[in-house]
Amino acid sequence: MGTLRALLEDLPDELARLAFTHASWAKQRPESYERLAFLGDSVLGLAISTHLYPRFERYGAGELTRVRAQAVAQDACAEVARELGVPARIEAAVPPGAGAGGEPLVESERVLASVCESVIGAAYLAFGFERVAEAVVGAFSDRIEEALTQPVDHKSLLQERLAQRGQEAQYRIDVEQGPAHDPRFVAVVLADGQDVGRGSGKTKKSAEQEAAQRALARLDDCEKGG
């Protein structure tokens, strides 16, 4: 079975260069890793979904969504990035006189997660979905098992974080649409009346969990100056 690291090492030079180019280093924003990360995010989600769907026939859409969301969350992608040696590759890719150096970038989970997704996007373009999906499932297998055995309650984690700041999380449902058999909800989490995260899901609970997860990611970025 091909690994994601092996696919990374076999990337064509131009794709490899693009996968590690920060927006501040590029003459034009589309010449950075952001477009590849956009593509890789979709490939990652589909690869994990394709793996989970036949494996858990008794899981409903909500439970499958929860497992996938935890398995491919920002912190999980950042962990995989570190295992792939992404920090060293980012530092090696810094061009002379670059506006953003390597050190602050490799300390940002948001950047590491985005580059992980960009690597997946680049590998998809170079090698196709079948090879990449197999490698992605292998790279994220520990995160999948952790999501199955140790589900994360993002709402509780967010409440703990906000309590340290003297704040409290409040939730509201902004959107409720779709037929009864296939509803969609959009939840907003507020702190001191300010929107700090939004999420969507097929149930109000799953939408609130995703909103809390996004709020936690935003807090992480703010604390790290990202």
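Q: By class, how many nonpolar, polar and charged residues are in the lining of the largest pocket?
A: This is a predicted model, to start with. The lining of the largest pocket has 13 nonpolar, twelve polar and 16 charged residues.

Q: How much space lies in the largest pocket?
A: About 1,200 Å³. It is lined by 41 residues, and A69, V72, A73, Q74 and Q213 are the closest to its centre.

Q: Which element gives the most to the lining of the largest pocket?
A: That is α12, with eight residues. Several elements supply at least two residues each, including α3 (34-55), α5 (74-83), α10 (141-149) and β3 (194-201).

Q: On to the second largest pocket. How much space lies there, and which residues are closest to its centre?
A: About 320 Å³ of space lies in the second largest pocket. Of its 17 lining residues, G62, R66, K205, S206 and Q209 are the closest to the centre.

Q: Where does the largest share of the lining of the second largest pocket come from?
A: From α4, which gives six residues. Both α4 and α12 supply at least two residues of the lining here.

Q: New topic: cores. Which residues have the most contacts inside the largest nonpolar core?
A: I48, I90, I120 and F140 do, in a core of 49 residues. Helix α8 (residues 109-127) gives the most to this core, with nine residues.

Q: What does I48 touch, leaving out residues up to four places away in sequence?
A: I48 touches R68, V72, V136, V137, F140 and I144.

Q: Let's go to the start of the chain. Where is L4 found, and is L4 buried or exposed?
A: L4 is found in helix α1 (residues 4-9). L4 is buried, with a relative accessible area of 1%.

Q: Why does L4 count as buried?
A: Because its relative accessible area is 1%, and buried means under 20%.

Q: What does L4 touch, not counting residues up to four places away in sequence?
A: L4 touches V80, L84, I120, A135 and A139.

Q: What separates the C-alpha atoms of L4 and L52?
A: They are separated by 19 Å, and the two residues are 48 residues apart along the chain.

Q: Why is 4.8 Å no disulfide?
A: Because a disulfide needs the two sulfur atoms within 2.5 Å, and here the sulfur of C116 is 4.8 Å away from that of C77.

Q: Last one. What about the phi of D192?
A: D192 has a positive phi of about 55°, although it is not a glycine. Most residues other than glycine have a negative phi.

Q: Where is D192 found, and is D192 buried or exposed?
A: D192 is found in the loop between β2 (184-191) and β3. D192 is exposed, with a relative accessible area of 56%.

Conventions
Residues are numbered from 1 along each chain as its sequence is written. This is a predicted model: local features need pLDDT of at least 70, side-chain atom pairs count only at pLDDT 80 or more; totals for chains, interfaces and linings use all residues. Side-chain values use heavy atoms; hydrogens and water are left out. A nonpolar core is a set of buried Ala, Val, Leu, Ile, Met, Phe, Trp, Tyr and Cys residues joined through side-chain atoms within 4.5 Å. Buried means under 20% relative accessible area, exposed over 50%, partly exposed in between (1.4 Å probe, protein chains only). Helices (H or I, at least four residues) and strands (E, at least two) are DSSP runs, numbered from the N terminus. Contact means heavy atoms within 4.5 Å. On a 1 Å grid over the protein atoms alone, a cavity is a set of points where a 1.4 Å probe fits but cannot get out, and a pocket is an open set with protein on both sides within 12 Å along at least five of seven lines; lining residues have an atom within 4 Å of a point. Grid points are joined across faces, edges and corners, and a volume is the space filled by probe spheres set on the points. Ala, Val, Leu, Ile, Met, Phe, Trp, Tyr, Cys and Pro count as nonpolar, Asp, Glu, Lys and Arg as charged, and the others, Gly among them, as polar.
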